[in-house]
Amino acid sequence: MGEALFYAVLLGAVLGFVYDLFRLPRFVLNDRFFFDFLFWIVSSISVFCYYMIFNAGEIRLFNLIMIFVGFMLYIFTLGYATKQLEIRLSKKIKKQLKNVVKSFKKVLQSMSDVYYNIAVRIKRLFHKKSKGDGYEQTKDAEE
């Protein structure tokens, strides 16, 4: 019984760490739903596996409470310290992503400019050779 409770607290702490791992991309991408949903999927599978290993699938409230205690221990100790670090890191990552997006937009704009210039020149080239462009009208007017 003691071993199962120890692993319950350990599982809670590991789930706290997993929550921390999902917190950084959540800060950077501002997408809470996806990463929270992903965390709940991972945590529910982990808790299910824990119950299958230690309790033969039997759900006991005390084990669930110990998982929660392990989670809270992590969140209020290491999680609190890493949250400030993740906030600062996410700001730097957002800034770098803005620069990358800006550079990517410049590349796309230059490709668009090249395409536009080529298309306009080809259009002018074929337009001059086609009939009814004014060249023949001036020639007819002179006769």
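When we sort residues by class here, Ala, Val, Leu, Ile, Met, Phe, Trp, Tyr, Cys and Pro count as nonpolar, Asp, Glu, Lys and Arg as charged, and the others, Gly among them, as polar. With that in hand, let's walk through the structure. This is a predicted model, so local features need pLDDT of at least 70 and side-chain atom pairs count only at pLDDT 80 or more, while totals for chains, interfaces and linings use all residues. Residues are numbered from 1 along each chain as its sequence is written, and side-chain values use heavy atoms, with hydrogens and water left out.

Start with the overall layout. The protein chain has four helices and zero strands, giving the pattern α-α-α-α along the sequence. Helices (H or I, at least four residues) and strands (E, at least two) are DSSP runs, numbered from the N terminus. Of the 143 residues in the chain, 22% are buried. Here, buried means under 20% relative accessible area, exposed means over 50%, and partly exposed is in between, using a 1.4 Å probe and protein chains only. Take the contacts (heavy atoms within 4.5 Å): among those between residues at least 6 apart in sequence, 72% join residues at least 24 apart.

Next, look inside. In soluble globular proteins, nonpolar side chains tend to be buried together. A nonpolar core is a set of buried Ala, Val, Leu, Ile, Met, Phe, Trp, Tyr and Cys residues joined through side-chain atoms within 4.5 Å. The largest one in this model has 17 residues, and Leu11, Leu15, Val47, Tyr50 and Ile67 touch the most other members. Two or more residues come from each of α1 (2-29), α2 (32-54) and α3 (61-129), and α1 gives the most, with seven.

At 4% relative accessibility, Tyr50 is buried. Leaving aside residues up to four places away in sequence, Tyr50 touches Ala4, Leu5, Tyr7, Ala8, Leu11, Asn55, Asn63 and Ile67.

Now for the rings. Rings of Phe, Tyr and Trp (its six-membered ring) pair if their centres lie within 6.5 Å; planes under 30 degrees apart count as stacked, over 60 as edge-to-face and the rest as tilted. Searching the whole structure turns up eleven aromatic pairs. One of them joins Tyr19 and Phe71, with ring centres 6.0 Å apart and planes at 75 degrees, so this pair is edge-to-face. It links distant parts of the chain, as Tyr19 sits in helix α1 and Phe71 in helix α3, 52 residues apart. Phe71 is buried, with a relative accessible area of 17%.

Tyr50 turns up again in a tilted pair with Phe54, at 5.0 Å centre to centre and 40 degrees between the planes. These two are separated by about one helical turn, because they are four residues apart in helix α2. Phe54 is partly exposed, at 31% relative accessibility. Both belong to one aromatic cluster made of Phe6, Tyr7, Tyr50, Tyr51 and Phe54.

What about empty space? Rolling a probe the size of a water molecule over the atoms shows where empty space is left. On a 1 Å grid over the protein atoms alone, a pocket is an open set of points where a 1.4 Å probe fits, with protein on both sides within 12 Å along at least five of seven lines; lining residues have an atom within 4 Å of a point. Grid points are joined across faces, edges and corners, and a volume is the space filled by probe spheres set on the points.

The largest pocket has a volume of about 200 Å³. Its lining includes Gly12, Leu15, Trp40, Val47, Ile67 and Phe71. While α1, α2 and α3 each supply at least two lining residues, α2 has the largest share, with five. By class, the lining divides into eight nonpolar, three polar and no charged residues.

The second largest pocket holds about 150 Å³ of space. Among the residues lining it are Tyr19, Arg23, Arg26, Phe71 and Lys83. Here α3 gives the most, with six residues, and the lining has six nonpolar, one polar and three charged residues.

Finish at the loops. Most residues other than glycine have a negative phi, and most peptide bonds are trans. Asn30, in the loop between α1 and α2, has a positive phi near 55 degrees and is exposed, with a relative accessible area of 58%. Ala56, in the loop between α2 and α3, also has a positive phi near 55 degrees, and Ala56 is exposed at 71%.
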